[in-house]
Amino acid sequence: MLGFCFRRAGLPLTFISVAWLIAATGCGHSRHVHPARTPTGTTDCPIQLRDVSGQTGISFVHTDGHSGHYYIVETITAGVALLDYDGDGLIDIYFLNGAPLRGSHAKTTPRNALYRNEGHWHFRDVTRATGLGDTGYGLGVAVADYDNDGDPDIYVNNWPQRVIPQ
């Protein structure tokens with residue numbers, strides 16, 4: 001399953017297929033979620049989700065560049081690509097990030113990030129070594145072997161920030 005949830009700047013990106021572990025024991029209930037009932041009337045909830053993002057080595061923080069002006073790009077920012085960038089047979093993760101929009105008060109410049117899969121649900125940030133820490137306002141990413149050399153090529157769609165009116 002591939003899914004993700006973006007949160008406001010400063011909060012971590014929760015990447016479901018990486019950061020959540022599905023365990024077939026127990027059942028966590030919320031007052032907002034009603035568990036399924038079996039024909040006998042008992043509660044049937046064999047899946048429990050636990051946040052294991054701290055154990056993966058992924059520390060990526062997403063920003064949508066929010067400024068209080070509610071620009072349309074704030075709602076469509078970023079993306080993620082799953083690829084084997086180093087040819088080791090393990091799927092690596094490339095996260096896109098937004099960027100500060102006019103009127104925002106960002107303390108640091110957000111960057112895209114590439115995490116190398118080292119196996120056993122552990123990832124290492126290789127952004128600097130690969131030069132993929134772009135600081136543009138990422139809107140989408142695609143991966144394909146564009147030049148037919150057998151290696152994945154990454155296409156990043158950035159939005160030009162300079163055209164935002166004041």
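This is a predicted model: local features need pLDDT of at least 70, side-chain atom pairs count only at pLDDT 80 or more; totals for chains, interfaces and linings use all residues.
**Entry 1: Ser104**

I started with Ser104 and asked where it sits. Ser104 is in the loop between β6 (92-95) and β7 (113-117).

Next I looked up its accessibility: is Ser104 buried or exposed? Its relative accessible area is 18%, and the cut-off for buried is under 20%, so Ser104 counts as buried.

Then I checked what the side chain of Ser104 reaches. I found the backbone oxygen of Leu101, at 2.8 Å.

I also wanted the contacts of Ser104 beyond its neighbours within four places in sequence. With those neighbours left aside, Ser104 touches Gly65, His66 and Ser67.

**Entry 2: Counting salt bridges**

On to charged pairs. Side chains of opposite charge can pair when their charged atoms come close. How many salt bridges does the count come to? I noted three, and took them one at a time.

**Entry 3: Asp86 and Arg116**

I began with the side chains of Asp86 and Arg116, which meet in a salt bridge with an N to O distance of 2.6 Å.

I looked up accessibility for both partners. Asp86 comes out at 28%, so I logged it as partly exposed. Arg116 has a relative accessible area of 21% and is partly exposed too.

**Entry 4: Arg116 again, with Asp88**

Which residue forms a salt bridge with Arg116 at 3.2 Å? I found Asp88, with that distance taken between the closest N and O atoms. This pair also links distant parts of the chain: Asp88 is in the loop between β5 and β6, Arg116 is in strand β7, and the two are 28 residues apart.

Asp88 has 31% relative accessibility, so I wrote it down as partly exposed.

Arg116 pairs with Asp86 and with Asp88.

**Entry 5: Glu118 and Arg124**

I then turned to Glu118, which forms a salt bridge with Arg124. The closest N and O atoms of Glu118 and Arg124 are 2.6 Å apart.

Are these two buried or partly exposed? Glu118 is partly exposed at 34% relative accessibility, and Arg124 is partly exposed at 40%.

Key: Residues are numbered from 1 along each chain as its sequence is written. Side-chain values use heavy atoms; hydrogens and water are left out. Helices (H or I, at least four residues) and strands (E, at least two) are DSSP runs, numbered from the N terminus. Buried means under 20% relative accessible area, exposed over 50%, partly exposed in between (1.4 Å probe, protein chains only). A polar contact is a pair of N or O atoms within 3.5 Å; within protein, one must be able to donate a hydrogen and the other to accept it, and residues adjacent in sequence count only if both atoms are side-chain atoms. Contact means heavy atoms within 4.5 Å. A salt bridge is a side-chain nitrogen of Lys or Arg within 4 Å of a carboxyl oxygen of Asp or Glu.
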